[in-house]
Amino acid sequence: MRDLVPTLDRVRTADGRLLRVECSGDPCGQPVFLLHGMPGSRVGPRPRSMFLYQRGTLLISYDRPGYGGSDRRPGRRVVDVAEDVTAVADALGLDRFAVVGRSGGAPHALACAAVLPDRVTRAAALVTLAPRDAEGLDWFAGMAASNIDEFRTAFTDPDRFVARLIPRSAAIRSDPARLLEELREDLTDDDRSIVSDNGIRSMLMRNYQEALRTSPYGWIDDALALTGAWGFDPAEIRVPVLLWHGAKDAFSPASHSSWLADRIPRSTSIVEPSAAHFGALRALPNVLSWLLADTPLPQTPPL
């Protein structure tokens, strides 16, 4: 069993920025970094602390730069996440750890796997996007019109994208339920059922409000990073990777995971036929089990 990790909620990076951190579960447990979605924060949806404690898991979340309580890092790339994860891991005294990312956090988890092979034991990417320049992939195929517009504008006209997102973020900060209402038309029945659960909805509302509490720039910089050059090649990943996707996902289509699965040497790909984007919340407990044990991934249980 590991030693108790130090208690902290803020970490200063080598370049002087502050990162806001939250740990839950077993302080002596096996460490897993959970990288939040877009927009998102350290308080995003995760299994209950008692569930984590019973399974000997220490779950570590932090606000990516510009979100919540973390200082902005203008111009950041996806690969730059590895420096911040390293800073948090070092502050906690962690040598080795697993990492999982959901949605906008999933490419960041893959970045950690690619550039921190001596520290990352396993990685999981749930409902991930592929790189914008993915050869042979129709990047927008199967994607909801709202996401196509957002990502295309971020890529082709970043100034216009920023000008649009600033007032939108302010409105969501005042009423975080507004974001789910914006997404509702593109949600499947399964996704609607998941986000209608009182516990999950409460976590999502708190997550969105905290994400945008101080500025819109976490969201802005995430979108620009995801549609720009990631700074690493997924084909270079050598640690075991789990790619999980819902077949009906219209926000990040399952074809993105399939493209990555063909290129990441030690990848396992799971596509749930009836699931969509928010199905990743249901899958997370079993994904955590895979991250920490050499056992087959069990079937996803109902909520």
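**View 1. Eight strands make up an open sheet with mixed pairing.** In this predicted model, the strands run in the order S1-S2-S4-S3-S5-S6-S7-S8. Strand S1 (10-12) and strand S8 (267-272) stand at the edges with a single partner strand each, so one side of each has no neighbour in the sheet. Neighbouring strands are turned by 20 degrees against each other on average, direction ignored. Strands (E, at least two residues) and helices (H or I, at least four) are DSSP runs numbered from the N terminus, and two strands pair if DSSP finds at least two bridges between them.

**View 2. Strands S3 and S5 pair in the parallel sense.** Residues 30-35 of S3 meet residues 97-102 of S5 over four bridges. Look for Leu35, whose bridge partner in S5 is Gly101.

View 3. Leu35 touches Tyr62, Val81, His108 and Cys112, among others, not counting residues up to four places away in sequence.

Residues are numbered from 1 along each chain as its sequence is written. Local features need pLDDT of at least 70, side-chain atom pairs count only at pLDDT 80 or more, totals for chains, interfaces and linings use all residues, and side-chain values use heavy atoms, leaving out hydrogens and water.

Methods. Axes are lines fitted to C-alpha atoms, for helices over the stretch in contact, and angles run from 0 to 180 degrees between N-to-C directions. Contact means heavy atoms within 4.5 Å.
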